[in-house]
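Here is a short briefing on two kinds of packing. Keep the structure open while you read.

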Amino acid sequence: MAAAGSGGSRADNGYGGQQPRRRKGPGALATGYLVIYNVVMTAGWLVIAVGLVRAYLAKGSYHSLYYSIEKPLKFFQTGALLEILHCALGIVPSSVVLTAFQVMSRVFLTWAVTHSVKEVQSEDSVLLFVVAWTITEIIRYSFYTFSLLNHLPYLIKWARYTLFIVLYPMGVSGELLTIYAALPFVRQSGLYSISLPNKYNFSFDYYTFLILVMISYIPIFPQLYFHMLHQRRKVLSHTEEHKKSE
Amino acid sequence: QVEPQATVADIKNLFSKSHPQWYPARQSLRLDPKGRSLKDEDVLQSLPVGTTATLYFRDLGAQISWVTVFLTEYAGPLLIYLLFYFRVPFLYGPRYDFTASRHRVVHLACCCHSFHYVKRLLETLFVHRFSHGTMPLRNIFKNCTYYWGFAAWMAYYINHPLYTPPGECHLSLSPVPVTVIVTVTVTCHCHCPHYINHPLYTPTGSKARKIPYPTRNPFTWLFLLVSCPNYTYEVGSWIGFTIMTQCLPVALFSLVGFVQMAIWAQGKHRSYLREFRDYPPLRSPIVPFLL
C-alpha cells in the first residue's frame with residue numbers, strides 16, 4: 001500500500017507537534033537516533049528520485065527505469081522495517097500492528113512481486129508506484145525529521161496531508177497493475193507454490209494468494225484513504241485556528 | 001433510592017428498568033470515571049461513598065454469555081472436522097466423495113480431535129465457572145473464525161486423499177505406533193487441573209480464591225511446577241497431535257495456541273503472585289522452569 005496511508009495512523013500521535021496531549025516523548029538519545037534515521041531515509045529516497053530523473057534524461061523515455069534505481073529502492077524500502085522496531089520499543093508512538101502491516105505490504109511488493117517476477121520489472125506500472133512511493137516517502141521522512149526538531153514548516157505539513165490525495169491512488173494503481181501483470185508468470189513457473197502430496201501435508205498456491213491480496217485492497221484502500229482525508233481536515237483546520245489566534 | 005445493603009447488581013437492575021436498552025451485563029459502573037469497574041457483589045455500604053453516591057456508567061456494548069460463545073466455538077471444529085473426515089461433496093474432487101482414507105493414523109486423528117472437542121464441550125457445560133457471565137459480542141466472531149478456520153485448514157490436509165502419513169516417508173520422525181501412543185496418552189490427559197483450578201472458588205459458591213495444590217491424582221502433580229497445568233497439558237496434546245499427523249497447519253495451530261496460552265498463563269501467574277503472599281516460588285506460568 002502506498003505510504004501516504006501509512007502516515008495516517010501516526011499523524012495524530014505526537015509528531016504533529018500541535019496536539020494538546022501531553023505524552024512522554026522519546027528520550028534525548030532516542031530522539032537523536034530517530035532524527036538520524038529519518039534524515040538518512042529522506043536522503044535515500046532523494047537518491048532514488050534523482051536516479052529516476054537522471055535515468056529518464058539519459059534514456060529519453062520513461063520505460064524500464066526500474067533497473068536504474070533497483071538497488072537503492074530495495075535497500076531503503078527494506079530499511080523501513082526498522083520502523084516496526086521503533087514502535088515495538090515505544091520510541092515512536094504508533095501501533096506496532098498497523099505499522100507492521102503497512103511496512104510489510106511495501107516490502108512484499110518490492111521483494112515478493114517486483115524482485116521475484118523478473119518479467120514485470122519492465123512494466124510501466126512499476127514506475128507508477130515507485131514514483132508515488134518516492135514522493136510520499138521524501139515528504140513523510142522530512143515531516144518526521146522536522147517534527148522531531150520541533151520546527152515543522154507549514155509547507156511540509158501541507159504537502160504531507162494534501163499530496164496523498166493524488167499519490168495514494170496512483171501508488172495503489174501501480175501496485176495492483178504490477179501484481180496483475182505478474183500473475184501469468186507465477187502460474188507458469190509455479191513460483192513459491194507447493195502442492196500435495198508432500199511430507200509436510202501442506203499446500204500453497206501463490207497465484208491464488210496474489211489474487212486474494214488484490215481483492216484485499218478493496219476493503220482496505222478506502223478505509224485508509226478516508227482516514228487520511230479525515231486527518232487532513234483535522235490537522236490543517238487546527239493549524240488555521242492556531243494561526244488565527246496568534 | 002436504594003438501601004445501604006444493596007449491592008451493585010441491584011443498582012444495575014434498577015438502572016436497566018429505567019433504561020431498558022442497557023441490560024445489567026452491559027453496564028459498567030464505577031466510582032471514578034477512570035477507575036475500575038465495580039463488581040456486582042459489592043455492597044453499597046462497603047464502598048467509600050456518603051449518603052449519596054455518584055456512579056459513572058459506561059456501556060460495554062452488546063454482550064453475549066461465555067457459555068454460548070464456548071459452545072459455539074467448540075461445536076464448530078467438531079462438526080467441521082467430521083465433514084472433512086467423511087469427505088462430504090465439494091470439499092475434495094467428486095471421485096473422492098464419501099470415500100474413506102486407507103491410513104490408520106487418519107482414523108485415529110479423527111478420534112483424537114473429536115474426543116478433544118467433545119471433552120471441551122462437556123467441560124464448558126459442567127465444569128467451568130466463570131468470573132464474568134458475559135463477554136463482548138464481537139468476541140464470538142473473532143473466536144469462531146479462529147477455531148473454525150484452523151479446524152477446517154487442518155482437517156482438509158489430514159483427510160486429503162493425497163495425505164502422507166508419518167512413517168511412509170523415510171525422513172519423517174518416529175514410526176507410527178510410537179507417535180500414536182504418545183498422542184493418545186497426552187490427548188487423553190485428564191483435565192483434573194480444571195477441577196482444581198476452577199474450584200478456586202470454595203464449595204459454598206462464594207468467590208473467594210485459594211491457591212491450587214497437587215492432590216493424590218497424578219495429573220495434578222504438575223501443579224508443583226506450573227501455575228496453569230491445564231494450558232501445559234493442552235499444548236502438550238496439540239504437540240502430540242502434530243507429531244502424530246505430521247501436518248504443517250497443525251504445527252502452526254499448536255504454535256499460535258501456545259503463544260496465546262503462554263500470555264494468559266503469565267497473566268494468571270502474575271495475578272496469583274499479587275494475590276497470595278505465600279505463593280510457591282518454584283512454579284512458572286506454563287512451561288516448567290522456562291516460561
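**Helix packing and a chain interface**

The crossing of helix 7 and helix 9 of chain A is left-handed. This is a predicted model. The points below take the helix pair, then the contact between chains.

**The helix pair in chain A**

- Helix 7 of chain A spans residues 124-148, and helix 9 of chain A spans residues 164-189.
- Their axes come within 7 Å and cross at roughly 145 degrees.
- On the helix 7 side of chain A, the contact includes A:Phe129, A:Trp133 and A:Ile135.
- On the helix 9 side of chain A, A:Met170, A:Gly171, A:Gly174 and A:Glu175 are among the residues in contact.
- The residues of this helix contact divide into 10 nonpolar, 6 polar and 1 charged.

**Chain A against chain B: extent**

- Chain A gives 8 residues to the contact, and chain B gives 13 residues.
- The two chains bury about 930 Å² between them.
- Of that area, 64% lies on carbon and sulfur atoms.
- Three residues, A:Lys199, A:Asn201 and A:Phe202, supply 59% of the area that chain A buries against chain B.
- That is more than any other three residues supply.

- Polar contact is counted for 5 residue pairs between chain A and chain B, with both residues at pLDDT 80 or more.
- On the side of chain A that touches chain B, the residues divide into 4 nonpolar, 3 polar and 1 charged.

Definitions and conventions
Residues numbered from 1 in each chain as written. Chains lettered and ligands numbered in written order. Predicted model: local features only at pLDDT ≥ 70, side-chain atom pairs only at ≥ 80, totals over all residues. Heavy atoms only, no water. Contact = heavy atoms within 4.5 Å. Buried area = accessible area lost by both parts, 1.4 Å probe. Polar contact = N/O pair within 3.5 Å; in protein donor to acceptor, adjacent residues only side chain to side chain. Nonpolar A, V, L, I, M, F, W, Y, C, P; charged D, E, K, R; others polar. Axes fitted to C-alpha atoms, helices over the stretch in contact; angles between N-to-C directions. Helix = DSSP H or I, 4+ residues; strand = E, 2+ residues; numbered from the N terminus. Left-handed = near helix turned anticlockwise from the far one by under 90°.
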